[in-house]
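Please have a look at the sequence and the model first, and then we will go through some of its parts together.

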Amino acid sequence: MKFKDYRISKDIKKAIEELGWSRPTDIQFKAIQPILDGEDVLAIAQTGTGKTASFVIPILNTLSKNANKYNTGGVSCLVLVPTRELAIQIDDVFREVGKYLTFKSMALTGGVDQDPQIFKLKTHVDIVISTPGRMFDMISQGHLKIDQLKTLVLDEADHMLDLGFVKDIKDLMRHIPQKRQTLFFSATINKEIKKVAYDLVRNAIRIQISPKNPVAKNIVHSVAFVEMDDKRFFLENIVKEHSDLKVIVFVRTKVRAERLVKAMERVQLKSETIHGDVDQKERFAILNRFKSGENKLLITTDVAARGIDIPNVGAVVNYDLPDVAENYVHRVGRTGRGKEKGWAISLCSEQEKSFLKEIEDYTGSEIPVYDLSKSDYQSIVDDSEAGDYDWKSLIAENDLWAKEKKK
Ligand code: AMP
């Protein structure tokens with residue numbers, strides 16, 4: 001089935017065509033029709049599967065069909081998400097798919113001045129994509145009116161529960177109409193998530209995408225066994241050999257992220273890092289530079305990267321293996337998005353082999369090992385430009401030390 005065969009507005013079809021999408025992805029194929037039919041949906045789908053458009057397309061279509069009926073002053077659709085980045089990303093998809101429609105959407109998140117948001121809400125907004133904190137602020141101040149809500153979407157519900165938003169989700173129910181459509185999206189499912197989901201949805205259509213193997217199929221996975229101290233040489237090699245690719249590198253801690261930026265600088269590779277200590281404004285600027293390709297090497301921790309959608313990421317490098325297997329899926333989901341091809345390479349040290357095993361158990365598939373002979377390994381280390389640097393700095397340090405001793 002192609003998008004042109006769907007019974008949706010031609011304005012939406014035109015926008016989809018301009019985005020270069022011709023066929024729906026798996027989740028879109030399964031979710032669009034039930035959502036158009038007004039059903040509640042409970043979907044287990046990861047980022048990178050096209051899940052955002054799977055609700056954006058039918059929501060926009062329903063809004064455009066009912067434009068006269070719905071235009072009562074309040075917000076028609078509320079999308080609740082765990083992070084600011086995700087809110088902005090989803091807002092972008094609403095704008096892109098709805099570019100030939102007249103609906104107004106906005107990302108309503110904390111961390112930024114609220115006056116421009118209040119101003120915008122006053123001018124009437126149809127679709128609000130919000131994080132819980134700012135949403136409640138706006139409701140309590142009377143700026144956000146959701147008593148006319150037609151559709152509620154919860155995206156990355158599992159992450160919202162992880163962040164402790166379960167009470168917020170329950171509180172929200174007091175503010176919205178009982179009669180509504182609810183779409184519940186989560187990357188993973190367990191007892192607690194099921195309980196929250198079933199409190200919200202009614203007779204939901206259940207959709208699950210690749211339950212056994214949540215990793216997108218158009219990603220080539222590989223793992224190389226590398227000593228902890230040699231990892232930077234291998235990253236240098238990967239980046240220099242594939243200088244046309246945008247690469248996201250995952251490290252375990254903020255300190256390691258900062259150190260790696262410096263190590264890359266020493267081998268003439270420009271990179272930037274986002275992690276918990278980088279402030280929000282700076283994070284957006286860094287993400288935008290990476291999106292535009294001005295900077296092609298982004299070093300990040302798991303927390304900072306969750307939910308971000310950046311097109312054309314050629315490779316994800318697990319510089320440190322994640323200690324929570326599920327994070328492997330979230331990390332590699334940054335590449336091979338939609339129908340693009342992607343590459344996920346993990347640098348695994350002796351100490352991390354148990355993490356590798358957990359990842360393979362979780363995804364149900366073995367990661368192919370990158371076959372490196374001893375001489376290949378050595379030449380990657382020897383070819384590093386850091387070799388010269390380290391040698392020179394070592395001599396300099398020794399000289400200083402010798403001088404100190406003579407004194
Ligand atoms: P998501 O899972 O919503 O984060 O989407 C992942 C990526 O897939 C985004 O970059 C979308 O632009 C892209 N995408 C969504 N739907 C399609 C489609 N039908 N064909 C090709 N790419 C798509």
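Let me begin with a question: which residue in S6 is the bridge partner of Thr151? Before I answer, a word on what we are looking at: this is a predicted model, in which local features need pLDDT of at least 70 and side-chain atom pairs count only at pLDDT 80 or more, while totals for chains, interfaces and linings use all residues. Residues are numbered from 1 along each chain as its sequence is written, and side-chain values use heavy atoms, with hydrogens and water left out.

The partner of Thr151 in S6 is Gln181. Strands here are DSSP runs of E with at least two residues, helices are runs of H or I with at least four, and both are numbered from the N terminus. Strand S5, residues 151-154, runs parallel to S6 and is joined to it by four bridges, where two strands are said to pair if DSSP finds at least two bridges between them. Strand S1, residues 41-44, also pairs with S6 in the parallel sense over four bridges, and there Leu42 stands opposite Phe184.

How much of S6 is buried? Six of the six residues of this strand, which spans 181-186, are buried, a word that means under 20% relative accessible area, with exposed being over 50% and partly exposed in between, using a 1.4 Å probe and protein chains only. Gln181, Leu183 and Phe185 lie on one side and Thr182, Phe184 and Ser186 on the other, so that both faces are covered. Gln181 itself counts as buried at 9% relative accessibility, and, leaving aside residues up to four places away in sequence, Gln181 touches Pro34, Ile35, Gly38, Glu39, Asp40, Lys150, Thr151 and Leu152, contact meaning heavy atoms within 4.5 Å.

By way of contrast, Asp92, which is found in helix H5, residues 84-97, is partly exposed, with a relative accessible area of 31%.

Let me turn to another sheet. Six strands form an open sheet with parallel pairing, in the order S8-S13-S12-S9-S11-S10. Strand S8 (219-225) and strand S10 (272-274) stand at its edges and have a single partner strand each, which is why one side of each is left without a neighbour in the sheet. From one strand to the next, the twist averages 20°. Within this sheet, S12 (residues 313-318) and S13 (residues 342-348) pair in the parallel sense over four bridges, with Val316 opposite Ala344 in S13.

Next come two helices. The axes of helix H11, residues 231-241, and helix H17, residues 374-383, come within 9 Å and cross at roughly 85°, the axes being lines fitted to C-alpha atoms over the stretch in contact, and angles running from 0 to 180 degrees between N-to-C directions. That makes H11 roughly perpendicular to H17, a label for 65 to 115 degrees, where angles under 35 count as roughly parallel, over 145 as roughly antiparallel and the rest as oblique. Phe233, Phe234 and Asn237 in H11 meet Tyr377, Ile380 and Val381 in H17.

Finally, the cysteines: Cys77 is buried, with a relative accessible area of 1%, and Cys348 is buried, with a relative accessible area of 1%. The structure holds zero disulfides, a disulfide being a pair of cysteine sulfur atoms within 2.5 Å.
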